Structures are given as C-alpha cells and as structure tokens.
Amino acid sequence: MVAKLASDQTLPHHAPMNAVDLASLLCSRLCHDLMSPVGALNNGIELLADEQDPEMREKCLELLEDSARASANKLKFFRLAFGAAGGFGEEIDTHEAEVALEGVFGPERRIELGWVVSEGKLSKGAVKLLLNLALLAGDALVRGGRLDVGAESRDHEIELVIRAEGPRILLDPVLRETLVTGGSGGTVEPRAAGAWLAYSLASDAGGTIKLSDASSPVLMIGAVIPRA
C-alpha cells in the first residue's frame, strides 16, 4: 500500500525539542479544539437559565447535549492520540481507536470514515501514529469527503496508510514540512503539534513516512515502522 505513494522520504533526525515543548504544543492543540464545544456548553447554560419558553428550553438542552458529546469525543480521541491511554500495556485495542476516530469525524463533519485495520491490537506507538496521521488527513478535507484508514502487520513491519478524497483537499505546507522533516529552524508551530508527534513517532521507531504529491487530487499519507 505505502509503496504506491508518489513520494518516498526517509526521515532525518528530528529537530531539537524537549518534552516540555512538545507537551505545551499538544496542550495548545487540545485547548484550541475544545474551545468551541466548551464555549457552546457555557452559552447553552446561560440561555437555559434565562429562557422560560418550553420549546426554546428544549433547543437549549439539545445544544448542551451536542456540545457535551463533542467535548467527550475530542477528549477520548486526544487521550489515545496524544496521551498515555492503555495503561501500562504495550498494545491498544484497535476498535477503541476506531471509535475514537469516529467520534471526531462523525456525520456532522461530513466525512465518511472507512476503517481497514486487520489487527485486533497494535502497539501504542503505532496507534498514536495512525490516529495523528488520520487527524491530519481528516482536517485536510475542508469540504468533507471520505477518509480511509488502514493498517496491516506483515513480516517484521507494520504498514499504515491514510487516504483522503474530497471536493477540496488542503494540507497546510507547514504541516507537510513538519511531517516530513520535523520542521525548519528547530521550531514547530502549535498547529503542527500532531504532525511533529507523528514525525517523531515514526522517526524514533526507525520507520519512514511517505506523502502523495501536493498536486495530487487524492491525499495519501503512509508510514512503515518495524514491529516491536
């Protein structure tokens, strides 16, 4: 699967960044993504406190329910993609990763998700890499579309492939550069935290990342990492 991508780039040593820097970037991304649903929760509570009309109160409750669900889904996803989910075990159930991804890219995002993962469990590093690559590709579908996520273990390797197709695909050049080179000048922007983490996970595992050409009508991101 990965071999079919247009460009093949072996990862160099990543740009210098300590654990505190990375934690700060990931926290910035988490706060940014939670700002909207948490703000909607606050607005809904304020409206509910002042509203007396039964129909409007029902709409406020629907708003609160939707916002609470969106917040929980985002937290579940980022716990797997950025955090230490799975406890002390070395592997994570891939169904858990599928559910987390579905929560982020649900019907409201107008993204159809295809999950093609043959393994029941994958290493923590592989799951984190898979979810971060999927997040990048899904965010690039600015007008919706289809996101296919695949993973397969063979011989001594784990192969990950993400395919995004839609009416408009926009992968920020900063994210593309960070994903392939780890960023320029030793600095990484907060919006590129997931790309830098994906880059680091693949690089530290001794793996490779491949990207389709920027001019391609379909975005494909793939990685091959050794099995632990």
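The following legends describe close-up views of one predicted model. Local features are reported at pLDDT of at least 70 and side-chain atom pairs at pLDDT 80 or more, while totals for chains, interfaces and linings use all residues. Residues are numbered from 1 along each chain as its sequence is written, and side-chain values use heavy atoms, with hydrogens and water left out.

**Figure 1. Overall arrangement of the chain.** The chain contains six helices and eight strands; helices (H or I, at least four residues) and strands (E, at least two) are DSSP runs numbered from the N terminus. In sequence order, these elements follow the pattern β-α-α-β-α-β-β-α-β-β-α-α-β-β. Of the 228 residues, 44% are buried. Here buried denotes under 20% relative accessible area, exposed over 50%, and partly exposed the range in between, computed with a 1.4 Å probe on protein chains only.

Figure 2. A pocket is an open set of points on a 1 Å grid over the protein atoms alone where a 1.4 Å probe fits, with protein on both sides within 12 Å along at least five of seven lines; lining residues have an atom within 4 Å of a point. Grid points are joined across faces, edges and corners, and a volume is the space filled by probe spheres set on the points. The largest pocket has a volume of about 700 Å³. Its lining comprises 30 residues, and those nearest the centre are Arg29, Asp33, Lys74, Arg109 and Asp139. At least two lining residues come from each of α1 (19-50), α2 (54-81), α3 (94-104), α4 (124-140) and α6 (193-204). The greatest contribution is that of α2, with seven residues. Divided by class, the lining has 13 nonpolar, seven polar and 10 charged residues; Ala, Val, Leu, Ile, Met, Phe, Trp, Tyr, Cys and Pro count as nonpolar, Asp, Glu, Lys and Arg as charged, and the others, Gly among them, as polar.

**Figure 3. Strand β8 and its two partners.** Strand β8 (residues 219-226) is largely enclosed by the rest of the structure, because six of its eight residues are buried. Two strands are taken to pair if DSSP finds at least two bridges between them. Strand β6 (residues 157-165) runs antiparallel to β8 and is joined to it by eight bridges. Threonine 208 stands opposite valine 224 of β8.

Figure 4. Rings of Phe, Tyr and Trp (its six-membered ring) pair if their centres lie within 6.5 Å; planes under 30 degrees apart count as stacked, over 60 as edge-to-face and the rest as tilted. Two aromatic pairs are found by this rule. The pair of phenylalanine 77 and phenylalanine 78 is edge-to-face, because the ring centres are 5.5 Å apart and the planes stand at 80 degrees. Phenylalanine 78 also pairs with phenylalanine 82 in a tilted arrangement, at 5.0 Å centre to centre and 35 degrees between the planes.

Figure 5. The expected span of a helix is 1.5 Å times one less than its number of residues. The 12 residues of α6 should therefore span 16 Å, in agreement with the 16 Å between its end C-alpha atoms. Helix α6 is mostly covered, with 10 of its 12 residues buried; among them are Trp196, Leu197 and Tyr199. Alanine 195 lies in α6 and is buried, with a relative accessible area of 0%. The C-alpha atoms of alanine 195 and leucine 133 are separated by 7.5 Å, although these residues are 62 residues apart along the chain. Leucine 179, in helix α5 (residues 173-181), counts as buried at 1% relative accessibility. From leucine 179 to alanine 202 the C-alpha distance is 9.7 Å, across 23 residues of sequence. Just after α6, glycine 206 adopts a positive phi of about 80 degrees.

**Figure 6. Aspartate 155 in a loop.** Aspartate 155 is located in the loop between β5 (145-154) and β6. Most residues other than glycine have a negative phi. Aspartate 155 is not a glycine, yet has a positive phi of about 55 degrees. At 71% relative accessibility, aspartate 155 counts as exposed.
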